[in-house]
Amino acid sequence: MVCRLGALAASCLMGDLAASAQFLPAGDIGVAASSYIPPQDDAHKLSSDIRPGDWAYQALHNLLKRPGCGSPLAREAFHRPQGIPRQQAAILLNRCLAQIPASNEDLPRLLQLLNDEFANLSGAMQDLSVKLEGLEAQSFATSTKLKADATMTIGGIPNYGRNGSPNSNAGGNATFNYEVHLNFYTSYSGKDLLRVRLGAGNFASYPFGTSTSNVFKLIRTESSNDAPYLDRLYYQFPLGKHDQYRLTVGALVRNTEMAWIPSVYRSDVLDFFGTAGSGGVYNKALGEGIGLNWRQGLAPGKPGWLASLNTVVSGSAVNSGTSSCSPSCRSGDSGADSSFGVFNAKSGINALAQLGYQATTWGVAIGYRYGTTQSAVRTANGVAGNPLVAGQQDNSLAFNLYWRPHHASWLPSVSTGFGYNIVSASSAANAAQSSRSWMAGFQWDTISGSPNVAGLAVGQPAHSAGATGGSPWLLEVFYRFFLSDNFSVTPALFYGRGVSTSNANNGGQPIFNGLGGLIQTTFEF
């Protein structure tokens, strides 16, 4: 049943609420209810206490960008200078609940803030329950949504590579690159999710991507040959009486999409800081995978424990005795090749386990990853980022902690992370080495009452003691300003010191010290 607000709004809303409520957990509000906006003549009865400049205003604004969340009525709400009524905010947020992962950092705070409004709406839903008796046999209509993003990046790292590999002949020049993603989200029950993502881009291996062992790799640099390719294919569905479990199965899925990266630092620039300084555990391994997530079954908005277990086969079907990979090989090829297979230690197995606690203003987590031949630590320096060769194993540990102010203020959020990677059989020439990493990131949200964001981060990418470039440092500063809800521009500067420009470990390799920068423009539609 499709509901249009108008002369029959009241009767239409009642019917749509009744038709939807049977699919919701007790106490939740139907998806159809989220399309209801209080009439203008009732607006004075609601308190407009979520205003531009509040953390909740920006958090809700960000969540409504998710597929299945946005609508003309939602966009209209954010153009009202007086702010958004709390009850209306609860209705808009409810529309997104099925689209937001339980690990989202903003969701518990918003649910706690709007707890009374949700209770009122829940009571209204219970009054309609008597109308549902004849509708239990109906099924949820299949829905598919398209969410796309396009990124253009212009920037460079002067002199990076001029004195040695990479790009020893012409390194250090500015580049202008792009990357495009088309995400298809399909739900069959209203609670499950099938995700298919297509991508294309033209980033070269240096200076910004696509090699995962490049310290200066950007988050949005995964494609290099302009050709369209399949980038994601996985299915998620809830389990348990209260949907406290979520199972993910995919032919192309990242391990970090089945776990929680415990950080509130979101620059979307250097990939090292995007892994919360723990690229050994949260190495974004992509390939065939399966994972199980659990969240403590508490009332919405309450602090609780989270846990996850997953495994991903990320090998590229190369000779397991080398770390080389031809331009045509791709992550996950090993699991699709019977010469390797998904249960072969030579296929790049990444087994990740995580336990964390998420509160309203802070979170903490510990993580562990076991890696086999062809797996690797992400955005590591020099030999620390080499894929494991035959006979090597990696045991990676991570500890992360973040805090953010309860209300937007001059105080920044703080995210920290530490990682240690223990690699066995690392005596072979140029073989991956044991390494360690850390980071600290500071972010200011809603600058001057606007949705703009600023931040800085410092840290050391994974590096091996005694190896070339043994003590690298990275510093990043960014400012993201929004020209519209789905159009942002991010200038950023970053400085690297002690960065190895080679993955060899035979001494005398070039070390880079210098400044880089970019302007990244992102369109979402």
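This is a predicted model: local features need pLDDT of at least 70, side-chain atom pairs count only at pLDDT 80 or more; totals for chains, interfaces and linings use all residues.
I started with Asn400, which is buried, its relative accessible area being 0% (buried means under 20% relative accessible area, exposed over 50%, partly exposed in between, with a 1.4 Å probe and protein chains only). Numbering runs from 1 along each chain as its sequence is written, and side-chain values use heavy atoms, with hydrogens and water left out.

**Entry 1: around Asn400**

I found Asn400 in strand β10 (residues 394-403); helices (H or I, at least four residues) and strands (E, at least two) are DSSP runs, numbered from the N terminus. What does the side chain of Asn400 make a polar contact with? I get the side chain of Ser278, at 3.4 Å. A polar atom of the Asn400 side chain also sits 3.0 Å from the backbone oxygen of Ala276. My cut-off for a polar contact is a pair of N or O atoms within 3.5 Å; within protein, one must be able to donate a hydrogen and the other to accept it, and residues adjacent in sequence count only if both atoms are side-chain atoms. Leaving out residues up to four places away in sequence, Asn400 touches, among others, Pro262, Tyr282, Val364 and Phe418 (contact means heavy atoms within 4.5 Å).

**Entry 2: the strand and its neighbours**

I checked the pairing next (two strands pair if DSSP finds at least two bridges between them). β10 runs antiparallel to strand β9 (residues 362-371) over 10 bridges, and Ile366 stands opposite Phe399. With strand β11 (residues 413-423), β10 is again antiparallel over 10 bridges; there Asn400 stands opposite Gly417.

In a regular strand the side chains alternate between the two faces of the sheet. In β10, I list Asp394, Ser396, Ala398, Asn400 and Tyr402 on the covered face, and Asn395, Leu397, Phe399, Leu401 and Trp403 on the uncovered one.

**Entry 3: a nonpolar patch**

Trp305, Leu355, Trp362, Ile366, Phe399, Leu401, Trp403, Trp410 and Leu411 form a nonpolar patch on the surface, with about 940 Å² of accessible area together. β9 and β10 are the elements that give two or more residues to it, and β10 gives the most, with three. Patches take residues with over 30% relative accessible area and no salt bridge, joining like charges within 9 Å and nonpolar side chains (Val, Leu, Ile, Met, Phe, Trp, Tyr) within 5 Å. I also looked up Trp410, in the loop between β10 and β11: Trp410 counts as exposed, at 72% relative accessibility.

**Entry 4: salt bridges**

How many salt bridges does the structure hold? I read off 13 (a side-chain nitrogen of Lys or Arg within 4 Å of a carboxyl oxygen of Asp or Glu). In one of them, Arg404 meets Asp106, with the closest N and O atoms 2.7 Å apart. That pair links distant parts of the chain, from the loop between β10 and β11 to helix α5, 298 residues apart. Arg404 is buried at 8%, and Asp106 is buried at 17%.

Arg378 and Asp271 meet in a salt bridge at 2.5 Å, N to O. Arg378 is in the loop between β9 and β10 and Asp271 in helix α7 (residues 271-274), so the pair ties together parts 107 residues apart in sequence. Both Arg378 and Asp271 are buried.

Notes:
Accessible areas come from the Shrake-Rupley method with a 1.4 Å probe; for residues, only the protein chains shown count as cover.
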